[in-house]
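Let's take a look at this one together. Have the sequence and the model open as you read.

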Amino acid sequence: MGETQEITLTQMRKSVEKLGSSTEKHGDPTLMRFLIARSMDPNKAAKMYVQWQKWRTSLVPNGSISDSEVAEELAAKKIYLQSLSNKGFPVLIFEGSKHFPSKDQLQFKKFVVHLLDKSIASSFKGREIGNEKLIGVLDLKNISYKNVDARGMITGFQFLQAYYPERLAKCFILNMPWFFVSVWRLISRFLDKATLEKIVIVTSDDERRDFVKEVGEETLPEEYGGRAKLRPLQEVKLVPLED
C-alpha cells in the first residue's frame, strides 16, 4: 500500500471518529472499499461507512439473518450458491422464473442481506479479509409478467451500492426477453455508473463464451454450459471462522 493510501485511510478513520463512530473492528481492506466507492474522498467514505454501520445495527441487530427469518423466500429455491469462480469469487445464481414480488418488503430486504452475506462468507478462508467480491448471475429464462419485480431488483442493486461497496465483481444477465428491456431501462436509472459498468447483458455467442470462461466450467452448472450441479442457497454449509 502506498503512502498516499495510508494518509487517506488515516484521514478516513479520523473522520469516522468525528462522526461519533469507530473503525477498530475493520481493517484496511474494508475501509478501502468505502474509499474506492467514494472516489478516495475520506470524508465521503467516512459518512458512507457510518451510515452502513447504522443500517447493519438496525436491520441486522444479531449480526446475521438466519434461515428461519427468510424461510418463505428460501422455500422458492430460486437462489443458488455455487463454488468459487476462476478468480476466487463465489457465484450467486438467481432464477427469475421462480420469483414473485414479495408482499412483505421487510422480509425481502432481510433476504437480500442473507443471500449477500452468505455468498461473501462462502469465500472466507478461515477469516474475513474485507475485500472479498462475488459474481451475480440473473437468469431471466421463461419469466412472465408476473415474475417482473423492478422494485425488488432496484432494492438489491441499491443495497450493493450503499451497503456492500465494491463487493460486486461482475453481474451477468442471461436470457433477457424483449418485454423486459423497458423494465431494465427503468431499473438502470437507479444504478450508478460504477455498478452499470460491472453488468453484462449476455446476448451474443462471444459474450456467452466470456461468461463461461469468467465463471469456470467446474463452478458453472450444466444448465449454463459448465459441469457443476446447482446448489440451493439453503443447502450450502459455511466453514466456521477461525477465532
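Start with Leu92, whose bridge partner in strand E3 is Gly136. From strand E2 the chain crosses through H5 to E3, a right-handed β-α-β crossover (clockwise from first strand over helix to second, with the strands pointing away from the viewer). E2 (residues 90-95) and E3 run parallel, joined by 5 bridges; strands pair when DSSP finds at least two bridges between them. Helices (H or I, at least four residues) and strands (E, at least two) are DSSP runs, numbered from the N terminus.

On the other pairing, E3 and strand E4 (residues 168-174) are parallel too, with 6 bridges. Ile135 has Lys170 as its bridge partner in E4. Here the chain goes from E3 through helix H6 (residues 150-163) to E4, and this β-α-β crossover is right-handed.

## How buried is E3?

For E3 (residues 134-139), 6 of the 6 residues are buried, so the strand is largely enclosed by the rest of the structure. Buried means under 20% relative accessible area, exposed over 50%, partly exposed in between (1.4 Å probe, protein chains only). Leu134, Gly136 and Leu138 point one way, while Ile135, Val137 and Asp139 point the other.

## About the model

This is a predicted model: local features need pLDDT of at least 70, side-chain atom pairs count only at pLDDT 80 or more, and totals for chains, interfaces and linings use all residues. Residues are numbered from 1 along each chain as its sequence is written, and side-chain values use heavy atoms, leaving out hydrogens and water.
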